[in-house]
Amino acid sequence: MSYRRASAGGAFVGANPLVAESLGDSVRSLEPLVLSLLVLVVVGLVLGGWWVIRWFRRPPGARLQRVLAGHDAVTVLMHPNPDPDAMSCAMGVARIAASVETDAALQFSGEIRHQENRAFRTVLDLDLESIEASSQLAADPVVLVDHNTPRGFTGAQTVEPIAVVDHHPGNGAGTKFTDVRTDYGAASTIIVEYLNDIGATMADEDGSSGFQVSQELATGLLYGIQSDTNHLTNGCSRAEFDACAALFSGIDEDLLDRIANPQVSDDVLQVKATAITEKRVEGPFAVCDVGEVGNVDAIPQAADELMHLEGVTAVVVYGEHDGTLHLSGRSRDDRVHMGETLRHAISDIPMASAGGHARMGGGQLSVDHMNGIGPSDGISREEFEQRLFSAMSGER
């Protein structure tokens, strides 16, 4: 007896013509339904794939805008003691949130002390709120700007941001959106690109309508870029120059001048003078202990001042405030990565932290722990300064 395989079930059946005809009729009756289902499946896969591709190809600014649109209100959180880059980023995110009718509260921990930072806040009339605990956050959805890990307030470790926009190294991430570009000189540059992504225009452009960037925001973003790159001379990428060019037509020159040239307090001048007169120089490196300071923001300003010294390529200035040593370092020496230098110098001191970029770094350490409290033996100020010199020369 001969056998053949039936097309429908894959089993062998006899060659009985009546059976074959009956099976054939059954298969033909199923074909329209099967084909329809196949067509629906294919169409679904194509549409799903198109949507996924379109989502991931959306520019970052549009994706952040969509994330913000999913909430009635958000907290835009700056790092402790925010600088112009952090504040202008917060302004930009708030403007993007407003474009999708989402309320944004701008908050930070710590203080705004540096005269430049205070001028930035005052001149641009920013509504910023200081917090000391996570319970004071204005809204549960949190967007981090200019840092990628919440810090500086009680309960910071429990905060899970929905979005992160930053240019500093770190492992922090948002649950819905993360954009960390360590090759950029300023986080404000990223915000300028976001505004461009969603079609924003400068407020004074002829015929502009729709989403507009105010003069205050344009001025703030431009100064945020300038302040974090030492007026486009340090740590820049091409993106910084492109962003400044895009902002130029929208800035207010009077506001910019008032921010850039604030009055300097007497204590800042005294710390700068101490750094200049009491510095310790070894080869191309300088270190200075400026002693007890009332304004810790004077320390990085003193470090900037020492970088003007002829023959000096890297400096570290440190001072004490409320039982904590604050460090600030600057480098224009290709051999000295300042962030890594400071990290190495304090690596075995308990409760100490430091880091930063190649050209700029900072850190903090407890004076008690430096003196030997806890598991360490402690080190003197002289030994600590020698560590700094060794770290800058690559010996530590």
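Mentor: A salt bridge here is a side-chain nitrogen of Lys or Arg within 4 Å of a carboxyl oxygen of Asp or Glu. This is a predicted model: local features need pLDDT of at least 70, side-chain atom pairs count only at pLDDT 80 or more, and totals for chains, interfaces and linings use all residues. Residues are numbered from 1 along each chain as its sequence is written, and side-chain values use heavy atoms, with hydrogens and water left out.

The structure holds 16 salt bridges. Take Glu 282 and Arg 280: their side chains pair with an N to O distance of 3.0 Å. Glu 282 is partly exposed at 31% relative accessible area (buried means under 20%, exposed over 50%, partly exposed in between; 1.4 Å probe, protein chains only). Arg 280 is partly exposed too, at 28%.

Next, Asp 333 and Arg 335 form a salt bridge at 2.7 Å, N to O. Asp 333 is buried, at 6%. Arg 335 is exposed, at 64%.

Arg 258 and Asp 254 also form a salt bridge, with their closest N and O atoms 3.9 Å apart. Both sit in helix H8 (residues 253–260), 4 residues apart, so about one helical turn separates them. Helices are DSSP runs of H or I, at least four residues, numbered from the N terminus. Arg 258 is partly exposed at 43%, and Asp 254 is partly exposed at 45%.

Finally, there is a network: salt bridges link Glu 111, Arg 113 and Asp 297.

Technical notes
Helices (H or I, at least four residues) and strands (E, at least two) are DSSP runs, numbered from the N terminus.
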